[in-house]
Amino acid sequence: MKSVSNNSERWEEKLKDLTFNVNQIQDSLLEEILTPNLKTEYLQCFHMDRFDKELFKKNVPVVTYEDIQPYIDRVVNGESSDVISARPITGFLLSSGTSGGAQKMMPWNNKYLDNLTFAYDLRMHLITKHVKGLEEGKGMMFLFTKQESITPSGLPARVATSSYFKSEYFKNRPSNWYYSYTSPDEVILCSDNTQSLYCHLLCGLVQRYDVVRMGSIFASVMVRAIKFLETYWEELCSNIRTGHLSEWITDLGCRSSVSLVLGGSRPDLAETIEKICHRRSWEGIVNRLWPNTKYIETVVTGSMEQYVPTLNYYCNDLPLVSTTYGSSETTFGINLDPLCKPEDVSYAFMPNMSYFEFITMDGDKRDVVDLQDVKLGCNYEPVVTNFSGLYRMRVGDILMVTGFYNNAPQFKFVRRENVVLSIDSDKTNEEDLFKAVSQVKLVLESYDVILVDFTSYADTSTFPGHYVIYLEVKDKEGENKKEYVELNADVLSKCCSVMEDSLDNVYKRCRFKDGSVGALEIRVVRQGMFDSLMDFFISQGASIGQYKTPRCIKSGKALEFMEDCVVARFFMDRRYGKGLVPPETSAAENPSWNESDVTAMISSLSRAIEYPAADGHDPVKQEFDKSDQLQHDQDQPRKRHYRGVRQRPWGKWAAEIRDPKKAARVWLGTFETAEDAALAYDRAALKFKGTKAKLNFPERVQGPSTTSYVASQSGTDHSPRGGSGLMNSPPPQLGPSTTSWPTNYNQDILQYAQLLTSNNDDALSYYTSSLFNQQQQQQPFPTPSSSSSSLASQQTQQQQEQQREEEKSYGYHYYNYPRE
């Protein structure tokens, strides 16, 4: 006990020295960094022939990563380290790539690991000071290693955590409680993250009473681990019961080390875990499975803050300890009050890590000040000079000074500077986005719906461009939990409204006054999509240990991945906000819409739009041919634009239309060609507006004198993914133009026409099933009979079964919203 006490006293003295003598330590550190590097090519460019702090600040510019990247790339490709650093560069650290869209490669050497180890030891001291009863336990930490790559120079490129776990620092770490884990090192070093996560959980369950702390680098990984447990707990219990590891765990290091941890069959332990996991609600599951856990150690600041409610739910409000603020450039600071609330976390910058400067972010001036000169309540962007060849490089984070520990400033993470949405003069940063999404969360929670995760995208393929917010939602846990989440159009439209109301005045001016920004759109994605997005970025080179959900999608591949997972789209409803265009006049308000108009519209809809002409000549194709010939003759090729159609960034065509009744856009699908999308728009326009509809192909809708028969069934309503099947049905047999209409047939047509403009969505869905369902064999319209009624009933049943299968796949139930 005496040695522990002496050790604590030494750390207290060290912390006191660091936080009192900030200015002196920073000046000495800068001299230590610059003096050996004065002969490097980079510093020679700025005439640095001696150490002089003022000369350094005057001559060496503040730069971004892109400015210094050409020098780094030269070392990556095999040139000597002294291009930027006299100290040998031993490798490169990879950023996560989720913020800026691409991974950055930062040069590093063992000084980085010296600082990282110092930070680990200091935070162990701080946690021991605040949390009792930890010395005899272990940590169940979800730590991972990413497969490294070798650069042309022969030096490895790794993520920061992998660099530590593969180093001698980790291999020879102290044998105290903070460095003792339930998982063997082989599990941490496994390059297959799925196998590693499974083994982490298995080892933690077997040693459930030894666990005194749990955690991961970021809160998102901790949440993912619990969700993974929800999926695999039965298989994990089977492994514990039999004492044998699942065959799909093929990593040899994992198999051999975890088999030793299992230690044979444990049926009683398996039964206990099964009883806990079998409960309907998983609230407090962490406390029930690992009853001796004292706290959760994970970063919950910045973009990780949104996971706090989820962790509180699973962990029954165990303390969430956010210990360290660091990046691939350097370790910045330590949270000296580890048990504070997540919203109160601040990090005291340690002056012995790197040389820190700060760009002022308040007001128009961008002055650069030293660490000891920052002011309380002001916002700054850090600038780093480190031991591995980075000089005055901007980090891209925005921090606010919240106080001082002795003379050491304490900073709260505010946002990433480069994560913004912008269409026109509007500039929405990460902080603004989080504030707006927090209002959405309140709306959803009032309807027992939980926001799982979100990201965004500035869609400029429309005019005007608009913000797109991707949301994944789930039903609230509890006894009344439904099988599927109800996507209520009114609720999601209200979310659009409150989100726009939460954005700044510049956005509102562009949106509602200038009209330079379109209506904000919410796109709901299938359940589990954000886990899949993490897998996507990991497959692109990101590390699971460093992964953070990107709050603004900048990668084209990631955007296409997101779009493939969209299940519903919503815009603002007039009832919940302002600035929408007046609703269009519906066909129901037109008193001149008579029986002949109805007959022409319905018959033309089925005959002309769904099928090619009976003689095999497609009038649309003929029109295109004529248009192409004219363009060729004039040698001025032009691209035709269609109503309700826009092209996606990756080449496909999207169709949508405004519902005049609901004042909301209805998503019609994504198609391979603009023409297919235009046809889908025409069908929907006829449905909504009747004879008042403005069509892309008006020549395809002809008067009643040329149409005598209407097919009983059409192809498909639309094809959401690719538009196939729109016009591949055989044409109906057309009778003579003088054929008379049976009385009951006219009544059916009139009833259907009335439904098209009515407010009865359920009835409309039923009666349109014969016109807009899966493609069936076509035949002339028969006189209504029991057989046709039976067929319609059979088709309705098939549609309902298909709908249930889709809901099972996506996890959503569509309520008051047109299905894709």
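Select strand β6 (residues 211-218) together with β7: the two pair in the parallel sense over four bridges. Strands and helices here are DSSP runs numbered from the N terminus (strands E, at least two residues; helices H or I, at least four), and two strands pair if DSSP finds at least two bridges between them. The model is a predicted one, in which local features need pLDDT of at least 70 and side-chain atom pairs count only at pLDDT 80 or more, while totals for chains, interfaces and linings use all residues. Residues are numbered from 1 along each chain as its sequence is written, and side-chain values use heavy atoms, with hydrogens and water left out.

Stay on this pair and pick R213, which stands opposite Y295 in β7.

Five of its five residues are buried, so the strand is largely enclosed by the rest of the structure. Buried means under 20% relative accessible area, exposed over 50%, and partly exposed in between (1.4 Å probe, protein chains only). In a regular strand the side chains alternate between the two faces of the sheet. In β7, Y295, E297 and V299 lie on one side and I296 and T298 on the other, and both faces are covered.

Move to helix α19 (residues 529-539), where eight of eleven residues are buried. Among them are M529, F530, F536 and F537. Show their surroundings: the buried residues of α19 pack against α10 (193-206), α11 (219-242), β20 (449-459), β21 (466-475), β23 (521-525) and α20 (556-563).

C45 is partly exposed at 39% relative accessibility, whereas C565 is buried at 5%. The structure holds zero disulfides, a disulfide being a pair of cysteine sulfur atoms within 2.5 Å.

Finally, colour by pLDDT, the predictor's confidence in each residue from 0 to 100. The chain averages 76, and 72% of the residues score at least 70. Confidence is highest in strand β11 (residues 347-349), at a mean of 96, and lowest in strand β28 (residues 721-722), at 34. Over residues 702-789 the pLDDT is below 50, yet beyond near neighbours in sequence this stretch has 175 contacts in the model (heavy atoms within 4.5 Å).
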